[in-house]
Each structure stands twice: as structure tokens, then as C-alpha cells.
Amino acid sequence: MTRYTQSSMVGDVIDVPGELAAAQARFNGDAGRAFVAELPRRAAELVRRWRLRIDGPSMYGVCALVLPVLRKDGTPAVLKLQLLDEESAGEPLALRTWGGHGAVRLLEHDGATGSLLLERLDAARALTHLPDSREAALVVARLLVRLTSVAAPEGIRRLGDIAGAMLEEVPGALERIADRAERRLVADCAAAVREVVSEPGDRLLHWDLHYDNVLASDREPWLAIDPKPLAGDPGFELCPALSNRFEPDETVWRFDAMTEVLGLDRERSRAWTLGRVLQNCLWEVGDGRPLPPEHLEIGRRLRG
């Protein structure tokens, strides 16, 4: 999950937060360390090239450093500096395809580094802070109606490939899950994915539409940021809105409400949501960590 935190700056000198450096070293090794070392030079070059002026404290998450800037005409924007990898490579293509409809607008893109100049939204007003958790789930659903209304362009990763790779991991992962009930649940999730993997869909998916990736703006009440785009079935998009601000007794209500707003087939969406549970469990097994309790509970309540 990406959650941006403010960091200090002095003038136009870029402060690279220690937390960002540590996260990059942990998750990306030498590539992450090289990315962090390059950040001051990269930021200075793009500020010069795009004629920007830094306009406040930097923000950072696990994956990116974000600098508030002003464009030459005084328009507020943000400069997003991130490691170019298979997840971030598709972001500019997805944002161009959406063209600001339901998502932040892309203003400039540096293909060599994956750096982005984006319209500035209100980072202090994320959907996480909306008091009504049911309304928050419906906000995500309404955004997904718009985002998934278009076919994914060529060059975007395919859900079918990712689902196939997950299923190949399942036998080895099951051997590493000691708890019998958890092992059975993961096996049931895999069985659900096998039922739908031959028809993975072709819609443009955000893939990471959790509540911190939905920000308020002056242009629209809510807009999506930070896509990790896929081509696939919209049912694969629902799980973050179930696991964020997790309330077990709300799981089925949120799922049913979102599938209704999106006009999705409930059984296919259930299978792809269980696929998302499977994906999160496989990640934890691969890293030697306990299975995520929220996702296990979502799986229990949706597997039938």
C-alpha cells in the first residue's frame, strides 16, 4: 500500500528520506539503492527541463518521492520520481488512456526514468478519511465504473498471465502452510480462479485502488492515483475496498453493493476476488510471513 508522508526540504535541495531509502534497499536491493542515490540529480534535471519551481515539502511512500511544484504558468502540479519496473512502466499509458476521467491527469512523462508530472490533487484528503465506510466503498465502485469502461491498450500486463503464474505457485505454497484450515482456504481460492482463468477479461484495471489511492480534488470530488495497470476482469478490482478499513460484517455488503454498481456477474466477481485473496496469501507465504488475517476472513465470507 502506498501512503505518502511529508518530508522536509531546504530551498530546492531535495531531501531523500531515510524511510524511502530503507524501503528501496529492502524491496529492490542494488537497483533501489541506485535509484535513491540518483534522486537529487534526477529531480534537478526534470525541474530544469520542465521549467518547474518546487512549492513545498516533499512527500514519499514506499515506491516514490513526490515533489509539489509550480509549472511555468503557475499551475500547481506534482513531480513523481519512482523506480522504473514492471509495475510502474504501465502507469503513463494507463493515465493517458483514461485522460483524466476518474484518474489524475498526466502532464509530462520521462520515458527513460518513469518520472511523471501530474496534476496536483489534495493529498490531505484521501478516501481513507471519509467517515462513512459504506460510502467509501461506493466511491471506489463509481470510480471503477469509469476506469474499467475502456479496453486496456496494448503493452499493459495481462491478468490471465498473472493468474496462470499464481496457479503454478499454489502446490508449493500449500506445502508451506501449516494450519489446515488456512491451507484449505487457499486451495479453495485457487479452485475458484481455475474456473475463470480461461476468460480473464480485457478492461483497463487500476489493480491498486485502495482508499489512500483515491484523493479529493477541485476538478472532481474524487480521483484515482498510482495505478499498477492490468488488462483483465473488473472483479479483480474489488478486494482493496473490502480489506481497507476492514469490518468483517461489512464484507458481503460491500461486495454486493460494488458488484451492483459496476453491473458485474456476482459469481465471476466472487472468483476473481478470491483470486486477489490468493495473490495476497502467496505473497506472504513467499516472504515467510503469516497469512493476512483480513484477506483470510474475506475468503471465508465469500467462498460460500
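# Questions about a predicted model

User: What does Leu209 touch, not counting residues up to four places away in sequence?

Analyst: Leaving out residues up to four places away in sequence, Leu209 touches Val140, Leu143, Leu144, Leu147, Val214, Ala224 and Pro240, where a contact means heavy atoms within 4.5 Å. The model is a predicted one, in which local features need pLDDT of at least 70 and side-chain atom pairs count only at pLDDT 80 or more, while totals for chains, interfaces and linings use all residues. Residues are numbered from 1 along each chain as its sequence is written, and side-chain values use heavy atoms, with hydrogens and water left out.

User: Which residues touch the most other members of the largest nonpolar core, and what makes a set of residues a nonpolar core?

Analyst: A nonpolar core is a set of buried Ala, Val, Leu, Ile, Met, Phe, Trp, Tyr and Cys residues joined through side-chain atoms within 4.5 Å. The largest one has 74 residues, of which Leu95, Leu127, Val140, Leu209, Met258 and Leu278 touch the most other members. Another core, of 20 residues, lies apart from it, and Phe35, Leu46, Leu52 and Leu81 are among its members.

User: Why is Gln82 called buried, and what does its side chain reach?

Analyst: Gln82 has a relative accessible area of 5%, and buried means under 20% (exposed is over 50%, partly exposed in between, with a 1.4 Å probe and protein chains only), so Gln82 is called buried. Gln82 is found in strand β5, residues 76-82, a strand being a DSSP run of E with at least two residues and a helix one of H or I with at least four, numbered from the N terminus. The side chain of Gln82 reaches the backbone oxygen of Gly114 at 3.0 Å and makes a polar contact of 3.2 Å with the side chain of Glu91. Residues that Gln82 touches, beyond four places in sequence, include Phe35, Arg42, Cys63 and Thr113.

User: Why are β8 and β11 called edge strands?

Analyst: The open sheet has three strands in the order β8-β10-β11, with antiparallel pairing; β8 and β11 (223-224) each pair on one side only. Two bridges join β8 to β10 (residues 214-216), and Ala126 has Leu215 as its bridge partner in β10.

User: Why is Thr128 called partly exposed, and how do you know that it makes a polar contact with Asp212?

Analyst: Thr128 lies in the loop between β8 (122-126) and α3 (133-147), and its relative accessible area of 24% makes it partly exposed. A polar contact is a pair of N or O atoms within 3.5 Å; within protein, one must be able to donate a hydrogen and the other to accept it, and residues adjacent in sequence count only if both atoms are side-chain atoms. The side chains of Thr128 and Asp212 are joined by such a contact, at 2.8 Å. Beyond four places in sequence, Thr128 touches Tyr211, Asp212 and Arg245.

User: How do you know how far to trust residues 6-11?

Analyst: pLDDT is the predictor's confidence in each residue, from 0 to 100, and it stays under 50 over residues 6-11, for which the model has 18 contacts beyond four places in sequence. Where pLDDT is low, the predicted coordinates should not be read in detail. For the protein chain the mean pLDDT is 93, and 96% of its residues reach 70 or more.

Conventions. Pairing = 2+ DSSP bridges.
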